[in-house]
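User: I am new to this structure and would like to learn how to read its features. Please take me through some of them.

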Amino acid sequence: MSRPVRTSEFRRRMGLAEFTPPASSHQIKAPNVEMCGNHPEYPQRTETVNHPLLPRITDTRLDRFFTGAYASQHLDECLARARFSGSPHVKLTVWSAPNGGKPSFDEAIRSLSEAEEQEIGVGFVFGLSWTNHWVKCELSIPEGMRNTGEQVIFEFDPSCEAMVYSTDGTPIHGITGGPNTMKDGSPGEQEDRRVEHIIPAKAVKAGKYTCYVEVTCNGMFGLGPSRYLHPDANRTFPLISADIVLPNPHARGLRTDFRILAEVSRHPSAKATGLAQKALKACDDIMNAFIRGEGQTAEELDEVLQRCRRIGWKVLGKLGKEEVQSLAVWKTEKDRPAEIWAIGHCHIDTAWLWRYTHTQQKIARSWTSQVDLMDRFPGHQFAASSAVQYHWLETLYPKAFARVADYVKKGRFHAVGGAWLEHDCMMPSGESLIRHYLYGQRYFKEKFGVVCREAFLPDTFGYASQLPQILRSAGLNYFFTQKISWNNINVFPYNTFNWAGIDGTQVLAHMTPVDGYNGQCTFGEIIKGIQNNKNLGVTDQCLFLFGNGDGGGGPTPAMIDRLERLDSLARTNPGVPTLKIGSPIDFFDDLCRQSEGGKTLPTWRGELYLELHRGTYTTQACIKKGNRDMETLLRDLEYFATLASLAAGSYEYPTTEIREIWQEMMLGQFHDCLPGTTIKAVVEDNLEIYSRRSDQARKLLDSALAVLRTGEEGTTVIEPLRLAREEVHESAPGQYKWLSTNASGLGALSSPSDLTLPSAASDGSTYTVSNARYTVTLSSKRITSIFDKLNSREIIAPGVGTSSAGFMIYEDYPLTYDAWDAEIYHLQMGKEVEFDKVEVKEEGGMRASLVASVNFGKSSAKLIISLDATTPSTVASTPIHVVAEIDWREQHRFLKFALPLDIHSAYATYGTQFGVIERPTHRNTTIDQAKFEVCAHGFADLSEAGYGVAIACRDKYGYAVEGNTMRLSLVRAPTSPDPETDQGYHSIPFAIMPHARHVAESDIVQQTLRYTNQPYILPGSYSLPTVTVSGDASSGIVVETIKRGEDDEATGTKTVLLRLYESKGGRARGVLNLADFKVKEAEWANVLEQTLEGDEGKCEVTESQGAWSVALDMRSFEIRTLRLVVE
C-alpha cells in the first residue's frame, strides 16, 4: 500500500490550483482516511445517520434566537454584563420650557439651575406634544465598571427624540427613543432606535459623569397615530430607561453576525449559489453551540459567545480586531473597485409632519450623530444636501456646525446638491429653480470652499424638462434621484442614463437600483443594487444611500456594524457584490469615466414624469397662490429696484433684503410644502412667511417706484414684463378703463372712440354673452356653445366625459397617499355639475358677464363668464374671462372645469419653466395612460393645423387634455395629513383663449404672460430706463428677470443681470435694446453670475446716441444670462 498523500500534493498532481482557506476559515482536522493510490478509500459499511437541515424548521428557529418562550436561551439576555438604574448611580433633574419654547443651551441650563429642583426617574412622563424638556444627568459609575477597559454606556430612552449635550454646551449626538419605526407598515425594516450614549473613558475611570439631554416631545415622524396623519396635540412620552450599562461586546457582535447570516440564508439569490445553505448551517450550528447553564461564569459565557462567532466567521470572514481594520468602515480606499458605493445619508424633510422649528432640532440631532460615528469609525462618510439646513445649524447650533465643518474639511462630511433645499421641481418658476442653486452654491462656497457638481433630489415628485439646462448652468454635471422608482404604472427603463432637457442640454443621471434613500444595510439591499440594475451592460456600479431619513436620524451604529459584515462577506464569498464607502461626487466621476463621458449610456429626453402624487398639482391652493404671488412680487421688485439704482446714484439696491426674502420664501418650495402634503401647522407657517415677506417686499417696491417718479400729475401704467397691451382694465369694482402700454412697458388709461362694446342677454332659458369676437351660450344648465365669429367656428363639441363645458366633480379616494395622489379611476366617477341659476351681471359697459350658480353637496359655486370691449386691433387676441368662485366644503372630492373642443390632435402643449412641453392626448400605451393629470405653468393648449384653444390660469398647475377634452383642476379635499385641506372660499380666475394658427405659430405664450401678470396703475408720471427686444424673428424671446449682481456690494461694481429665454421651441434672432443703461461691458454668464469661459462669454454691445444694443441668437428653449457692467 502506498503512503497517504497530502491534499496539497494531490492537488498538484491533478493539476489543480493550490487551495488556500480564507482567513476567516478555521482549520478542522479531517479524520485519517486510507488512500488507495491517488484516491481516498471509501468505507464499505457505515452506521452513521446523516441528513441535511430541514429548511422550514431551521428557518423558523432562527427568530427564536432573539426572542420567544425560552428566555434563558435568548441571545438578547446576554447583551449587557451589568445594568444600574436610579439612586445612587443615576440622578436626573428636569426643567420644562414654558409655552412650548425652544431655549438655547445657555438659557436652559440657567433656568435649570435657578428653578426649584425637580428630580425624576424612570416612568416620568414628558409632554405634551412638541414641548421641550431639559434633563441634567449626574452619573456615578459603579466600581466594577471603572477598570474593565470596556465601553460603558448611558442608556436613556425618553420614548421620543432628544439630544445629548456636554457640560460646555456642545451637542454630542441625537437620541431616538421608543420602538423602531414601522416603515410603511413593515415592522423591523427600519431600525431607527438609538438610545445609547458612550460615557468617555476618562469619566468612567474617574467614576463621575454629567451631561444634559434636551427631550423634545415628538416621534421620528411627528405626532400622528400613524404616518401621514395629522398630529395629536396631547401626546405624552414616558421615560423608559435611564441606566448605566456595561455591554457585552461578544454578545452584541454575535447578534449582528447572526442577523446578517439569517438574511443571507433567506435570500433567493443566495440560495441559487449555495451561500444561503452555508449561512443557514452556520446559524444552526451557532444556536446549537449557544449553551447557557446554571452557574455559568462571565468568562464561560464569553467563551461560548466567541465560539459561536467563530462559527459564523466561516461564512462571513474573520472579524477579529486586526481583520476588521482593512474593511470599509475602518479604512477609506478611494481607488478600490467596488460595485456598491455606500454613503451615509439622512434625508430630513425641511417641513412635513413637523414644522420648520422642529426640523432645526432634527438637523442638529442627526448630523451630530454622524460626527459622533465619524469619531468612532474612521471610514464612515456622510452626505447631506440643503444649504438652508447648514445655515440653520450654523445659526442655532454653532458648536455643532464647527464639528460638521471640520469633517467637511477632512472630506468625510459631504455637502451635496448645490441647492438651497430639496425643492419641488414641477411648480416653482424657472427663476425660482435658478435661485435655489444660486444661493445654495454661494453658501457652500462661502462656508466650506465647496462647489457642488452633483444635483441631489432623492425625494422630489417629478423633474421638469428644463432642469438639466439650469443644473449645467449652475455647475452641476450630475443628477441623483430615486423617486421615479415609485411609479405606480410603469417601471422606468434605466438606472444610469443621460437626461436631456427640451433644449438638448444633458446631465449624467443615476437612479439607484436599490430604489430608496433610507437604506438599512441589509444583504437584500446590496443584492438589489446589482440584480435591479438595468444598465449592467455599461456599468455594474450603483450608489447606496444608507441611514434613516424623512424624519432624520441617519446611519446608526448598528448599520455601520452590518456594513462591516457585508464588506467582509463580499471579500470572502465571490458573487456577493463588493462594496466600499465613497462620496457621491467620486462615484459620479468614476461613472463618467466608465461610460466614456456618457457615450455608452442611453438617453432620456424631456421631463422625468413621476407616475404618482398627481394630486399635488392642486392640493393646498393657498400655498400655490402664495408662492406664485411671491415669485411675481420679487421679480417686479428686482426689476424696479434695478431701474431705480440706474436712475439715481443715491438709491441703494437692497441686495441683502431681497436675498433674505427669496431664501425664506423658498422654504415654501420644499417638496412637501408647495405640493401641499404637510400638516396644517406648516401651511400656516408658510402663509405667515408669505404675508410678512410680501409686506416687506412691497415697501421696498414702493421705495424703488418713488425714485422713478418724475411728477405728481396724471396716471401712469407700467408693465413689469415690458409687454405691449391693449385691454379692458377693472379700475374699481364694476368700473372699467381702457389700458394700453407700449413695448417698453409704459402706458396710460384711456377711453378709445373705436370701441365695440359687449352685451349679455337672456330669453328665459338660454343666456348669451357676446362681443366682436365671440358668442358664449348657456343652456340646459351648462355652457353649450362658444362661437368664434372671427374664424366662423364653433369651439365646443361633445368630448371625453362630457358633451358641454362647465364644472365636473369627481369622487377622489386615492390608494395610499391622500394629499398626494389622484388615481386614474377617479375619472370614471365624474359627474357634470349643472347650474341652478344663471343671471346677467353686467350689460352695456366695457365688460358683459353671465353668472351661473350652483349648490352641490355641502358646497356652492359660481362661474362668472365675461367678454370685453374690443378695438379693431385687439379683436383677434381678446380672451374669454372666467372666474370660479367656490365655497368648498367637501371631503374626498375633486372639482374641475372641463372644456370639450371641436379640435383633433394627438398632442397637447403645456407651459413649463422657460418653455413649453408636448404630451399625448391619446392613451395608446401605459406611459400615455399614466399622464392623466399633469403639471403646467400658465396654460395648456390643444391645437390642430390652423387653429387652437388654450386655457390660461395664473396659480393653478393641474391640467389634463384627454382626447378633445381639456380639464383645469380647481380644488381637492383630502383629509390627511391636514383634515381641513382647502376648506373655505376660493376665487380662481382663468381665461379661454382661442387663436388662429397652431400654438407653435401663435402668440399664446405672450397672451398668457399678459393674462397672468398684471400691470401697475400708479398716480403721477414716471421715467424708466427701457429694455426692449426687436426683430422679425424675435417673438419667442422673453426677458424674464432684470436684477443687480449678487457681488456688487462686495466688489464695488455696478452690474445688471438680464435672464432671457426662447419660449416657443425654435431658433430666435433679434436685438436687445437698452436705453439709459450706460453700459461699459457686456458678457454672457451662467446662472451663478460667473462669466462663461472663452468665446461663450463674449458679447458685443453697440452704442448709438445714448442707447445700447446686443445682438441675440438663441437656440430652441435656450436660457441665457446677460451680465452688464454699467456706470
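Analyst: We can start with one residue. R565 has a relative accessible area of 4%, so R565 is buried, the limit being under 20%. Keep in mind that this is a predicted model.

User: With which residue does R565 form a salt bridge?

Analyst: The partner of R565 is D257, and the closest N and O atoms are 2.6 Å apart. D257 is buried as well, because its relative accessibility is 0%. R565 belongs to helix α16 (residues 557–572) and D257 to helix α5 (residues 249–266), so this pair ties together parts that are 308 residues apart in sequence.

User: How many salt bridges does the structure hold?

Analyst: There are 75 salt bridges. One of them joins E263 and R259, with 3.4 Å between the closest N and O atoms. Both residues are in helix α5, 4 residues apart, which is about one turn of the helix. E263 counts as buried because its relative accessibility is 18%.

User: Where in the chain do R1115 and D503 lie?

Analyst: These two side chains meet in a salt bridge of 3.3 Å, N to O. R1115 is in the loop between β56 (1107–1114) and β57 (1119–1126), and D503 is in the loop between β20 (496–500) and β21 (506–511); the pair links distant parts of the chain, 612 residues apart. R1115 is partly exposed, at 35% relative accessibility, whereas D503 is buried at 12%. Salt bridges can also share partners: E191, R259, E263 and R562 are joined in this way into one network.

User: Next, aromatic rings. How is a pair of them described?

Analyst: Two values describe a pair of aromatic rings: the distance of the centres and the angle of the planes. The count here comes to 43 aromatic pairs. In the pair F105 and Y212, the ring centres are 5.7 Å apart and the planes stand at 85 degrees, so the pair is edge-to-face. F105 is in helix α3 (residues 105–114) and Y212 in strand β12 (residues 208–216), so the pair ties together parts 107 residues apart in sequence.

User: Are F105 and Y212 buried or exposed?

Analyst: Both are buried. W367 and F413 form another edge-to-face pair, because their ring centres are 5.7 Å apart and their planes are at 70 degrees. W367 is in helix α10 (residues 356–376) and F413 in strand β17 (residues 413–415), so this pair, 46 residues apart, links distant parts of the chain. W367 is buried at 1% relative accessibility, and F413 is buried with a relative accessible area of 1%. Ring pairs also link W367 and F413 into a cluster with other residues, including F382, Y390 and W420.

User: Where does a charge sit over a ring?

Analyst: One case is R1120, whose charged end sits over the ring of W1084, 3.8 Å from its centre. In another, K410 lies over the face of Y407, 4.9 Å from the ring centre.

How values were computed:
Residues are numbered from 1 along each chain as its sequence is written. This is a predicted model: local features need pLDDT of at least 70, side-chain atom pairs count only at pLDDT 80 or more; totals for chains, interfaces and linings use all residues. Side-chain values use heavy atoms; hydrogens and water are left out. Rings of Phe, Tyr and Trp (its six-membered ring) pair if their centres lie within 6.5 Å; planes under 30 degrees apart count as stacked, over 60 as edge-to-face and the rest as tilted. Helices (H or I, at least four residues) and strands (E, at least two) are DSSP runs, numbered from the N terminus. Buried means under 20% relative accessible area, exposed over 50%, partly exposed in between (1.4 Å probe, protein chains only). A charge sits over a ring if NZ of Lys or CZ of Arg is within 6 Å of the ring centre and within 35 degrees of the ring normal. A salt bridge is a side-chain nitrogen of Lys or Arg within 4 Å of a carboxyl oxygen of Asp or Glu.
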